[in-house]
Amino acid sequence: METQLFHIFRNTPLGRETLLQSIYFCNTLGVSLQVYIPKFTKFLMYFENDVVQIDLDESYLSFPETAIAHATELIEAGGKKPKFLEPKAFTASTLPDIPTNFDFMCCPRSISDLSSKIGLGYIGPRVRRIVKSAVFPVLITSGAFKQWKSITVFFGGSANATNSLKLGFRIARLSNLPLYVFTQADGKNKDDIYAVVKEGCLESDFEKYVGGWSFFQGGQLEENLYDVPHDSLAVIGAFGHGLIKDFLFGSKMEIIQSILPNNMLIVGPNYSVRR
Amino acid sequence: MPLTRIYRRFMNNNDRLLLMIIGAIVGVCSGIAAVLLNRSLSAMLEWLHHYRDYYWAFIIPAIGAALSSLFLEKIVKEGAGHGVPEVIYSVSRYGGLLRMRSGFSRLVSSCLTIGSGGSAGPEAPIVMSGSAIGSNIARMFNLNERQRITIVGCGAAGAISSIFNAPISGLVFTVEVILGEWTALNIVPIALASVAGTEISRILQGNQIVFGHGGFEIDPADIASSLGLALFAAAASILLTRSLRGMHHVSEKVKAPIWIKAAIGGCAVGIIGMFTPVALGEGYHYIQDMIRGDFSRGIIIAAVCVLTKVLATSFTLGWGGSGGIFAPCLVIGSLVGLTYHRALSLIWPSAAWVDEGYFALLGMAGLISGILQAPLTGIFLIVEITGGYNVILPLIVVSAVSSSICHYIEPASFYLKDLKEKGQLLRPGTDARVLSDLKVTELLETDCIAVHRNMLLRDFIDIVKRSRRNYFPVEDENTGHFVGMIHLDVIRPFIFNPEIYDAVVLEQIMDTDVDIVPPDADLPDVLQRMDAKRLFSMPVVADDKFIGMVSKATLLDQYRKELIVQTTTA
């Protein structure tokens, strides 16, 4: 069955960069691209146990007369066949329902607020809800199109991080790109972390795909992140901890996304692993 | 034992008890929401009452409708709609998932519309709010789809029970209109939610009968005369349904911001209301007057009031105001009943007809049953809000006849019409629902052997010997693109002629005019195409690549499994 990435197109220079990133992602992994050009500023995504309303900022509706032509041009230049999603169901006349049976979804850092908020350190509330509810990973792109030449998985040993690692293996297998693992151990030693790999029966994949393991037992995460290659796709697990733990200790993903300008693939707690 | 494990064990073992507890909680919450809306509406109506006599008062409904529309579109960013169809849609397609914002958005918007004089009722908004509260509480408890639907029903039932002080109506309305199925799993929690909602209303507002009356002396002739009223009630229901939809279509053609449209509708209502005040607001006190026999206007005025109320409701709801049709139905129904009584008195002046309030009650039941095509809701609602069972027999007659006539003329009720037209009404256990829950990708048969267009017949016959299938997809050997199909029947004439085995290539005999199915196609459409072309199976092709076959045999197999899942969990 074909693997699909869902992309919401914005007919602006920023939207062009995001679409280029999606096209590159699809070409690298052999994934087909499904593009939605919104006609309304809002739509609904019904997940298994949540419904998320996405309120797009007005820039998503800009210049509708050229939107299809611009998107088609970029997609065809990227060697792909343009496929546009037309919503079939509507909760209300101005509120289309967008399917959620994709394998990946591409989001800018914010889709509900003004484009001025696309800087680092900000992920919009809707993007968070999508990450929390989706069974697919969410590709959060860098501000300008940049090709990635390796994959870096952030692996701290949690269940969500194990899913990220599995996704990293899958991407490495599909793209033939080198895979690195980054661990901010916070007191744990390497054996403890590797035990999680063994527990998940991932040793053989680990040996096969991992080209390097940046393991930091100490130091600030913010400082250690400098080790992540600038042209690497960061694969990160997010929102895997409970509310209390997140409240007390904060979220690693939030720190990483506020510092790292790379393209990021964020794996939420409901992500179902595909091999 | 950790709390989560205790909770999970409890959930697994006490599914019904858990639903009953959550249902009662949801009933309380939606009951409180209903009381809040009721109080806010009363306060707003009282506050604006002093301004009604000014010459500019016609713009009050316009301002209210515009503010209501702005609130819905710009502040809470909720799509417009009456509320109940959205709940039915969500129950039918997405297991009752509703947004958190729907829990309060309609309360505020309907308060602005109705409080300013818009002709609408607070019942649909409160159903939407109660259902959204239920849905979000169900989500918090991580309930599955079936359980969540039940809890959404609890929200709707609690809300209706609370606003009308009518627990049976809440239960019946929910099961008859919202869920569309009576099951043991549903009824007990919904009944509890109805009781909880009603009790909350009684605690906070007192145990009041909404439209109390002193009882009626009913003769068999009165019951017989109710048949005629049922006809008029059905006609009024059809008129209201068509007028609402027509007005909505007209407003859709107007190119203006949505709040301007709402203001135009509100302005029209304000102007109508200056001449016939009964057209304004929810109009409950007029109903009370009619039931008590205090509505003194003559037959012509009563008939005109029916038309103006229909028009005002259509302007309010069709042009973007927020509210429901319950209250307008009750007002129009009682006016129809009154007009009918006056007409009877005019035709047979010497006949001793029962009080006009009796006909007002029957008219209300006729309208509710007709427009919702839900006779039980009509019967129980009128019995409960009028506080007496002595009219139950004519109520049954009027409700049954009115809903039957309406069903004959308009096969779908007002709430379901749009959903049916779009094929989005998927009641549990129905063919449409079962098919909608199946995907083409679930039915894929991937054991087909693909062959190349330049393959010799001899090689192909070798493949046929190894295969158990009748269809063979043909692919281009360079690109892998799907180019056609070969059916076993096509090679039958050649099988017994080995001399041509090396002279025929598949490209010469393959069928290139093949109907293909994309993997994301809707199954009902696929079936329709199969039936139209008398096909038994079709190839599924994505990105020009053959990925499998979809056949009626596999569909039947999966259909049965899905039907068993849906009906046994029910």
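1. Domain bounds come from an automatic or database domain assignment. For chain A of this predicted model, that assignment gives domain 1 (4–139) and domain 2 (150–267). Residues are numbered from 1 along each chain as its sequence is written, and chains are lettered from A in the order in which they are written. Local features need pLDDT of at least 70, side-chain atom pairs count only at pLDDT 80 or more, and totals for chains, interfaces and linings use all residues.

2. In chain A, 16 residues of domain 1 are in contact with 22 residues of domain 2 (contact: heavy atoms within 4.5 Å). The two domains of chain A bury about 1500 Å² between them, 66% of it on carbon and sulfur atoms. Buried area is the accessible area (1.4 Å probe) that two parts lose on being put together, summed over both.

3. On the domain 1 side of chain A that touches domain 2, the elements giving two or more residues are helix H1 (13–29), helix H3 (125–133) and strand E8 (138–140). H1(A) gives the most, with four residues. Helices (H or I, at least four residues) and strands (E, at least two) are DSSP runs, numbered from the N terminus.

4. Between domain 1 and domain 2 of chain A there are zero salt bridges (a side-chain nitrogen of Lys or Arg within 4 Å of a carboxyl oxygen of Asp or Glu).

5. By class, the side of domain 1 of chain A that touches domain 2 has ten nonpolar, three polar and three charged residues. Ala, Val, Leu, Ile, Met, Phe, Trp, Tyr, Cys and Pro count as nonpolar, Asp, Glu, Lys and Arg as charged, and the others, Gly among them, as polar.

Notes:
Side-chain values use heavy atoms; hydrogens and water are left out.
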